[in-house]
Amino acid sequence: MTISSRGLERAWELYQDRLPYARVMASQGKKVIGYFCCYTPVELMTALDLVPYRIGGRIDEPVKEADAYLETCVCSYVRSAFDLAIRGEYDFLHGLVVPHTCDAMWRILNIWKLHRPLDYTYFIEVPHMVGPSSCQFLEQELKLFKKSLEQLVGRKVTDEALRDAIDTHNRARALLQEIYQYRKADPPLISGTEIARVLAAGRGIPVEEFNELLLQVIHDIRTRESEPCGKKPRVLIYGGEVDDPAIIELIEECGAAVVMDDLCTGSRSFWELVKPQENAMESLAAHYIDDIRCPRTFRPGKPDERFLYLVDFAREFNVQGVILYLYRFCDGHALEAPSLKAYLNREGFPVLHLEEEYTLLTKGQLRTRFQAFIETLS
Amino acid sequence: MADDTDKKKEKRTQSARNVRPLVESMYLRAHQAREQGQKVAYCMVMSQYDEILAAMDIVPVWTENYGGLCATLGTAQPFLEKAEAEGYSNLICGYARTGIGFDALRAEIGEAPQTPDGGMPMPDMLLGSSIGCDTRFKWYQALGHYMDVPIYCIDVIVPPVNRDLYEIKDFYVKYQAEQLRGLVKFLEKTTGSRLDPDRLMSIIHRAEEARHWWWKAQQLCRAIPAPMSARDHFNIFVPHHFMIGEEATLDFYKELYQELKDRVDSGIGVVDNEQYRLLFAGGLPPWHSMGIFSYFGSLGAVFPAQLAYPPPDPFTIPDNINDPIELMALRSFERFTYRWEQAHRGCGDFWVQHILDLVPDFNIDGLVMHGVMSCRATSMGQIYYQQAVQKYAKLRTLFIGSDIVDIRTYSETQTKIQIDNFLETVETHRSNKVRN
């Protein structure tokens, strides 16, 4: 494979051209399947040559048409994403898959279908509890999802194809983890903004292509002659579907280096690999129940057990402060935040807790909040 | 709130009047249980575990009910403010904010705050579930900050409507049973007592009988004029949701049935001049301002049915199941999927189907939905319901907006204007229909 030295630039282009790129794929006969959340088992789609496309919103535009169809007391990321759908931006999708992750996800599929019918839709019931019975239940659910996808494409997934797909997605997870290791240096060898663009690019292209991009990015990091930023206060960002790099960019513009994240669109979706087992479906079920630490799942334990991984992240990446960047109306994160903040404070990490709309239209206010917090870390 | 003139226009049932003393006795019993060393559990409604608690003599405290009670009595504000001061968003569930605020204050002052019915007694355990919304398991985890008691949560799975029920039934029921068995194991460990399956089975039978009488009573509300007011509807669900399995609950619904039957037989309606029949079709009631329903009544509008707390759909206990946990799991599946087949064939959505089922049966003229600022689970989709319903039944819909608990989000004047305008459109729509 030829490694170009343009990985980071390519990521930037792909991020900016996500939608046109997906439209081209669709026009070339690829079946592009939209999906929400990091709980959708994308491996099953890849195994059948379908292209999983993570549904995003548009942070720099107000919601224009969705208000006529969706209540305002709903997560504004979901409203923004649905607004794009209503405006026809997602008309290239052949289908849509929604896992039952939170209350907004539970409701959005039927609303979408009513106003933007699709050839294929599927709703996956994902247990909210952990444990063996939850894994067994999800395994059954995923078998039915697989069957439904097989009917869509008209052929069966072979065991080999599924294992290959899991390996390919695991390769992406491993490469991303490798890239994250370069954030540990001080100053980091890749900025938070650059990584956010890479992640955003990856959400709209086939995983094989993403893996090539990641190799290019690693090559870029290894061969770059200067650090992307100087020594700055190092922060970790925690939250949900922060899918637009502009938020990370804004934090870095305000004088911090975002060196680690716990976001649905970040490490949360790839920090653990799917563990190989004899039964591939069992592996997938165990992964999606156990390995993703979204607050939508009930995990027993006190804060020092539930959030220990986050403090481990913070220490491993030499973080000086944590930004809880939460969207309004996201109940899972909102109910977790005070306990999490108190725990992080006890462990010696200053915390900025923000509850925001999914928008950059209030950039000025956000900038002030970020700057004030980062100054305290300096 | 609606003034006294509004209230006088509605004829309340004696059954509904009997609810408040039942609630007082419920809290009194919980406090006494605590003092006497009986195990007390914080619980979430509709979690499918009610009869298990009754069979194990665990005294439930329904924390959502306490939020509603405080809102109704106008005492929720200090708790809401305390929760917000503790860092909880003012957008999370009003019940949860009330409960968290209450427990945060108790932790701070060392005793239960002075509140209605003595407040909630300190629990020995917290029993959450995933039924209905995410808050039902996140709330209790948040309480870990204020009390050191064990938490156990179970999944309660609602099958997706677009599925082949025959394909999913076995593993959905199996999972539900496993979740309930996990709970029983936890309860046995926490209480040191074993669950008696025969006692549980007997309680299930009694509970189902009570549900049957409630369902029958509800069917009487098809009558014109409607025999029960909206405010009564929002009271009479209480024994079922919070005291199921008790003899008193069974008696309550039998008496309710008889009272409504007497009214129907005598042609007694909620209001003297019934003009509009409305369905409360989305959201939860604005507990802080229930008088608004009397305002509807004062304008001749009644609510023969409501979907916030409807009676559970019919379920017949099969003869061939001896394991009560298996039975409860099956019951859960059957109830949740009661309207699925019809929804498959028709509108594709179980909630919309429920509305469509009720409209002809209860002669509904219009829909009312309450957009609850702090409740995604009951508010998201209301516009969709309205739009989906329009494909099958042309009905006018009123959307009012506030909260279940937090009165700061509510404007009575604006709501009354909305109601006035809405009833005018219902009238116009009806006149046009007659003309055409």
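At what angle do helix 6 (residues 77–85) of chain B and helix 7 (residues 94–109) of chain B pack, and how many Å apart are their axes?

## Two helices of chain B

Helix 6 and helix 7 of chain B pack at about 80°, and their axes are 7 Å apart. Axes here are lines fitted to C-alpha atoms, for helices over the stretch in contact, and angles run from 0 to 180 degrees between N-to-C directions. Helix 6 of chain B is therefore roughly perpendicular to helix 7 of chain B (a word used for 65 to 115 degrees). Helices (H or I, at least four residues) and strands (E, at least two) are DSSP runs, numbered from the N terminus.

Among the residues that make this contact are B:Phe79 and B:Leu80 of helix 6 of chain B, and B:Ile100 and B:Phe102 of helix 7 of chain B. Two residues are in contact if their C-beta atoms, placed from the backbone, lie within 7 Å. By class, the residues of this contact are eight nonpolar, two polar and three charged. Nonpolar covers Ala, Val, Leu, Ile, Met, Phe, Trp, Tyr, Cys and Pro; charged covers Asp, Glu, Lys and Arg; the others, Gly among them, are polar.

## About the model

The model is predicted: local features need pLDDT of at least 70, side-chain atom pairs count only at pLDDT 80 or more, and totals for chains, interfaces and linings use all residues. Residues are numbered from 1 along each chain as its sequence is written, while chains are lettered from A and ligands numbered from 1 in the order in which they are written.

## The sheet 6-5-7-8

Chain B has an open sheet of four strands in the order 6-5-7-8, with parallel pairing (two strands pair if DSSP finds at least two bridges between them). Strand 6 (301–306) and strand 8 (396–402) of chain B each have a single partner strand, so one side of each is left without a neighbour in the sheet. Neighbouring strands of this sheet are turned by 35° against each other on average, direction ignored.

Strand 5 (residues 276–282) of chain B pairs with strand 6 of chain B over four bridges. B:Tyr276 is opposite B:Ala301 of strand 6 of chain B. Helix 20 (residues 412–435) of chain B lies across strands 5, 6, 7 and 8 of chain B, at about 170° to strand 8 of chain B.

## Where the chains meet

In chain A, 41 residues are in contact with 41 residues of chain B. Helix 14 of chain A gives the most to the side of chain A that touches chain B, with ten residues. That side has 22 nonpolar, eight polar and eleven charged residues.

Key:
Parallel < 35°, antiparallel > 145°, perpendicular 65-115°, else oblique.
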